[in-house]
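Hi,

Here is the structure I promised to pass on. Have a look at it first, and then read my notes below.

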Amino acid sequence: MKGATGMRRARDVQAAGDRVEALIGELGALADDGARARAEELVRVLVELYGAGLERVVEIVTEREAADVLRALVDDDLIRDLLVLHDLHPLTTGERVRAALDEVRPFLGLHEGGVELLGVDGDGVVRLRLEGTCNGCPSSRITVTQAIERAIAEAAPEVSRVDVDGVAAEPAGPLLQIGRRAPGPCPVPEGAAP
C-alpha cells in the first residue's frame, strides 16, 4: 500500500517504537531498577506475543498457498515493517533492496545512469556502484540521497547505511569566481609579451 496513508502507517511504526523507548526511559528515571526491569520485560513479552501471532498468520497463509494474500500483506507498509521487525518477511534484505533499485532504475535511466548492487553485509550496510553518467557526476550525491536511499529505506528499513562507489566527493574548497575586471588602467604593462 503506497501513498499518504501507507507512509503515515510506516511512520507510525517508527513513532510507536520511539514512544516505547521514551516511556521505558522515563520509567527508569522515576522507578527503581526492579520496576524498570519489569517494564522492559512487559514490553519484550508483548512484542514476542505479537510477533508469534504474526508468525502464525504468515504460516497459515503460506500453508494455504495463498500467494495473493501474502503479496497483499507484504505490500502493506505497516505489515511489511512489522514482518521486518520480527524477521518474518518472506524476502531477504538483499532481495528487497534489489526490488527497490529496480523501481529507481527508470529514474536513473533518464540521467543515462544506473546502479549495481554490490552486496548487503551482516551489519545492514548496502554497497552500491553507480554506472553510466551517474558515476562521478557531481549531482550523483543528490541522485543517490533523494532517490536510491529513499527507495531502499522504504523497502528495507533495517538497512543501517548505504555506501556508494562512484559518488563524486564534495569540492575541496569554494569555486573560483571569475568576474569582470574592475574599471581602470590595464594591469598588464605595455610591451609585455603575450
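Which kind of interaction do the side chains of Arg80 and Asp81 meet in? They meet in a salt bridge, with 3.2 Å from N to O. Before I go on, please keep in mind that this is a predicted model, so every value here is computed from predicted coordinates.

Back to that pair. Arg80 counts as buried, at 7% relative accessibility. Asp81 is buried too, with a relative accessible area of 10%. The cut-off for buried is under 20%, so both Arg80 at 7% and Asp81 at 10% fall in that class.

Arg80 also turns up in a helix contact, so let's go there next. Helix α3 covers residues 67-75 and helix α4 covers residues 77-85. Their axes are 5 Å apart, and the two helices pack at an angle of about 90 degrees. Angles of 65 to 115 degrees count as roughly perpendicular, which is why α3 and α4 are described that way. On the α3 side, the contact is made by Leu73, Val74 and Asp75. On the α4 side, Asp77, Ile79, Arg80 and Leu83 take part. If you sort the residues of this contact by type, you get four nonpolar, three charged and no polar.

Now for the other salt bridges. The structure holds eleven of them, and here are some to look up.

- Arg105 and Asp102: their side chains meet at 2.5 Å, N to O. Both sit in helix α5 (residues 93-110), three residues apart, so about one helical turn separates them. Arg105 counts as partly exposed at 31% relative accessibility, and Asp102 is partly exposed as well, with a relative accessible area of 47%.
- Glu26 and Arg19: this salt bridge has an N to O distance of 4.0 Å. Glu26 is partly exposed, with a relative accessible area of 43%, and Arg19 is partly exposed at 46%.
- Arg56, Glu59 and Glu63: these three are linked in a network of salt bridges.

Cheers

Methods
Residues are numbered from 1 along each chain as its sequence is written. This is a predicted model: local features need pLDDT of at least 70, side-chain atom pairs count only at pLDDT 80 or more; totals for chains, interfaces and linings use all residues. Side-chain values use heavy atoms; hydrogens and water are left out. Axes are lines fitted to C-alpha atoms, for helices over the stretch in contact, and angles run from 0 to 180 degrees between N-to-C directions. Helices (H or I, at least four residues) and strands (E, at least two) are DSSP runs, numbered from the N terminus. Angles under 35 degrees count as roughly parallel, over 145 as roughly antiparallel, 65 to 115 as roughly perpendicular and the rest as oblique. Contact means heavy atoms within 4.5 Å. Ala, Val, Leu, Ile, Met, Phe, Trp, Tyr, Cys and Pro count as nonpolar, Asp, Glu, Lys and Arg as charged, and the others, Gly among them, as polar. Buried means under 20% relative accessible area, exposed over 50%, partly exposed in between (1.4 Å probe, protein chains only).
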